[in-house]
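These are my notebook entries on a structure that I had not examined before. I set down what I looked up, topic by topic.

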Amino acid sequence: MDHSLNFLKKINVESFFPKKYTFCTLVTNYQEYIEMIKSAKNSGFDSDDVEFIYFDNIVNNSYDGFNGINRAIREASGEYLIFCHQDVLFKYDGRDQLDKCLSELEIFDKRWGVAGNAGKNHTGQSKIRITDPNWENLKIGNFPEKVMGVDENFIVINRKYSFGCTTIMSGFHFYGIDLCQNAAIQGLSTYVIDFHLMHKSGGNLNESFYEARSSYIELQKNRKSSQIIWTICTKFFVSNNRFLNWIFGFDYFLNKKIKCDRLSK
């Protein structure tokens, strides 16, 4: 190779990550956060290939679930980013079990993007592995179980793939389902795995939850709006309506629509 080109860097076929796990947390209670870290270290996450990073939300909410995950993906050194609540405790399963679950998941489905401990599948069935104020040692499912999204208390993100949360969204609800649905758009799957921990909160469906729900519904409606997509060499119509997709799949009707759209402007 020409030595004058030594500044060039070839990208390796396989991704390289300096660490195996990065834990990231939005922190509003520092003592509770330290308790979480100690429980993680006591359960085996105490080696050099594990790092802990956090967002300081004690005085004000500098980051939320959406931009927090996106920033954490950029900052993390780990192959797997664990975005979890400050009030979880690794009281039951630890590093060995998570290693086992993710190794099995790699064999089961190499195109997995997200894993967690609670979610629902496409038929609305719950898949859960958790202990919280409502349930003791709850286990529903034959893991790993494919789901649409995961609960936000414990999210494992596979950083071998590039995806994140929607940048126009904000808040502390629905970032889990948003992340998983964005992964699905890229052909990646989401699973609940057999990893048992304690979550000290049972959840709170307050006013902010329902406001976030409305915002997320609007986001999905906008994403599925009918539109014509143009490229340099082709054009095509997409919508969430099968009949419209069929009609405008014919160039004759598509050209008619384009003409009408232009006349109406």
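Is Cys 233 buried or exposed? I looked up its accessibility and found that Cys 233 counts as exposed, at 74% relative accessibility.

Entry on the model. I note that this is a predicted model, in which local features need pLDDT of at least 70 and side-chain atom pairs count only at pLDDT 80 or more, while totals for chains, interfaces and linings use all residues. Residues are numbered from 1 along each chain as its sequence is written, and side-chain values use heavy atoms, with hydrogens and water left out.

Entry on cysteines. I searched for disulfides, taking a pair of cysteine sulfur atoms within 2.5 Å as the rule. The count by this rule is zero. Cys 165 is in no disulfide, and the nearest cysteine sulfur, that of Cys 180, lies 8.8 Å away. I also recorded that Cys 165 is buried, because its relative accessible area is 6%.

Entry on strand β11. Helices (H or I, at least four residues) and strands (E, at least two) are DSSP runs, numbered from the N terminus. I examined β11, residues 154-158, and found five of its five residues buried, so the strand is largely enclosed by the rest of the structure.

I then looked for the partners of β11, counting two strands as paired if DSSP finds at least two bridges between them. Strand β3 (residues 78-84) runs antiparallel to β11 and is joined to it by five bridges. Strand β5 (residues 112-116) is also antiparallel to β11, with three bridges. Val 156 of β11 is the bridge partner of Ile 82, and Ala 115 stands opposite Val 156 as well.

Entry on helix α1. I located Ile 37 in α1, residues 30-42. Ile 37 is buried, as its relative accessible area is 13%. Its C-alpha atom is separated by 8.6 Å from that of Gln 86, which is 49 residues apart from Ile 37 along the chain.

Entry on salt bridges. I required a side-chain nitrogen of Lys or Arg within 4 Å of a carboxyl oxygen of Asp or Glu. The count by this rule is 14. Among them, Glu 32 and Lys 200 meet at 3.1 Å, N to O. Glu 32 is in helix α1 and Lys 200 in the loop between β13 (198-199) and α5 (207-223), 168 residues apart. Lys 200 is partly exposed, with a relative accessible area of 33%.

Asp 49 and Arg 95 form another salt bridge, at 2.8 Å, N to O. Asp 49 lies in the loop between α1 and β2 (50-56) and Arg 95 in helix α3 (residues 95-108), so the pair ties together parts that are 46 residues apart in sequence. Asp 49 counts as partly exposed at 23% relative accessibility, whereas Arg 95 is buried at 11%.

I also noted the salt bridge of Glu 79 with Lys 160, at 3.2 Å, N to O. Salt bridges that share partners join Lys 20, Asp 49, Arg 95 and Asp 99 into one network.

Terms used
Buried means under 20% relative accessible area, exposed over 50%, partly exposed in between (1.4 Å probe, protein chains only).
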